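Subject: Structure for your review

Dear colleague,

Please find the structure below, together with its sequence.

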Amino acid sequence: MAMYAVYAFVTGLIFGIGLIISEMYSPAKVQGFLDVAGKWDPSLLVVMGGAVAVGIVAFAIAGRRKTTLIGTPMHMPTARDIDLRLILGSVVFGIGWGLAGFCPGPAVVALGTGHVKAFLFVVAMIAGMGIFELIERRRAGAKPDVAARTHDTPERHRAHATHKPRGSHAKGRG
Amino acid sequence: MNIDWTAFTPWTALAGGILIGIAAAIFVLVNGRIAGVSGIIGGLLRPSLPDVGWRLAFIAGLIIAPSLYGAFVYLPTLKIDPSDATLIAAGLLVGIGTRYGGGCTSGHGVCGISRLSPRALVATVAFIATGMATVYVVRHLLGAGA
């Protein structure tokens with residue numbers, strides 16, 4: 001839906017400006033936060049605090065609603081399990097984050113300045129995501145139970161949900 | 001702990017954080033989704049066509065942000081110290097790790113914690129702790145960079 005794209009663009013723009021004003025798009029600033037044993041810059045903690053203070057209100061409102069403000073279905077994540085996959089994945093991400101000072105959002109914003117180093121990082125990151133997809137598809141092909149699990153992702157669920165008439169998605173999020 | 005008061009920028013950090021929160025709020029209340037950058041980009045590598053439009057639009061917003069902001073105000077310093085090889089290795093790790101872990105700083109760190117999700121809190125503690133440990137090893141044990 002074109003309407004979704006317009007709001008997504010505005011969201012990306014505000015998000016990006018937030019990352020610029022807070023200087024979180026600059027890896028040196030982020031590494032200053034991660035360097036607790038050196039001269040520590042707590043700024044990132046304040047950024048997260050500010051974002052969560054607004055977010056907590058928005059998600060509380062969203063949690064009570066069955067549809068969005070424009071009447072479309074909610075697509076909240078359904079995964080709740082705290083498993084090895086979650087922890088190992090986050091640890092691997094943390095190593096990369098520490099090495100570069102970049103996580104996905106700031107890297108894409110920095111790419112917008114035309115900086116070559118941001119471009120290298122983003123290309124490698126997309127390649128990493130591609131490697132994940134290939135491994136997952138291979139696993140899905142080998143084991144039927146994994147296939148069932150992989151295909152029942154929120155993305156797939158959403159794809160179906162968006163084709164239903166509004167209101168039929170009542171159980172969207174309790 | 002030795003806080004670097006000259007580097008600490010609480011007011012711009014708070015202002016930027018509030019904007020990020022507003023963006024996440026718009027996204028959940030209007031699009032009904034989590035503003036998680038790794039999930040939005042990673043989803044493009046899956047064959048689900050109806051989702052391509054808004055994903056690309058979100059990424060376009062992020063990419064255009066510096067040009068638009070820079071047209072009115074000076075951009076804050078963008079400082080990228082690591083070598084090209086380090087950035088490529090780190091990019092691969094961030095790509096694989098965020099997809100296996102189901103999120104990054106935005107999806108788990110901002111949106112997940114705002115939803116009071118224990119899963120997101122565990123992920124956030126895990127990647128911040130590992131990020132800190134990595135910087136410790138690189139800067140203080142191996143002695144690279146300042």
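**The interface of chain B and chain A**

Chain B and chain A bury about 10,300 Å² between them, and carbon and sulfur atoms give 75% of that area; buried area is the accessible area (1.4 Å probe) that two parts lose on being put together, summed over both. On the side of chain B, Leu29(B), Tyr100(B) and Arg119(B) lose the most area to chain A, together 7% of what that side buries.

Please note that this is a predicted model, in which local features need pLDDT of at least 70 and side-chain atom pairs count only at pLDDT 80 or more, while totals for chains, interfaces and linings use all residues. Residues are numbered from 1 along each chain as its sequence is written, chains are lettered from A and ligands numbered from 1 in the order in which they are written, and side-chain values use heavy atoms, with hydrogens and water left out.

In terms of contact (heavy atoms within 4.5 Å), 109 residues of chain B meet 111 residues of chain A. Four salt bridges cross the interface, the criterion being a side-chain nitrogen of Lys or Arg within 4 Å of a carboxyl oxygen of Asp or Glu. Lys117(A) and Asp84(B) form a salt bridge, with the closest N and O atoms 3.5 Å apart.

Helices (H or I, at least four residues) and strands (E, at least two) are DSSP runs, numbered from the N terminus. Among the elements of chain B that each supply at least two residues to the side touching chain A are β1 (2-3), α1 (10-31) and α6 (118-141). The element that gives the most to this side is α1(B), with 20 residues.

**Strand pairing**

Strand β1 (residues 39-40) of chain A pairs with β1(B) in the parallel sense over two bridges; pairing requires that DSSP finds at least two bridges between the strands. Within β1(B), Ile3(B) stands opposite Trp40(A).

**Backbone angles**

Glu23(A) has a positive phi, near 65°, and is placed in the loop between α1 (2-21) and α2 (27-34) of chain A. Leu116(B) likewise has a positive phi, near 60°; its place is in the loop between α5 and α6 of chain B.

Yours sincerely
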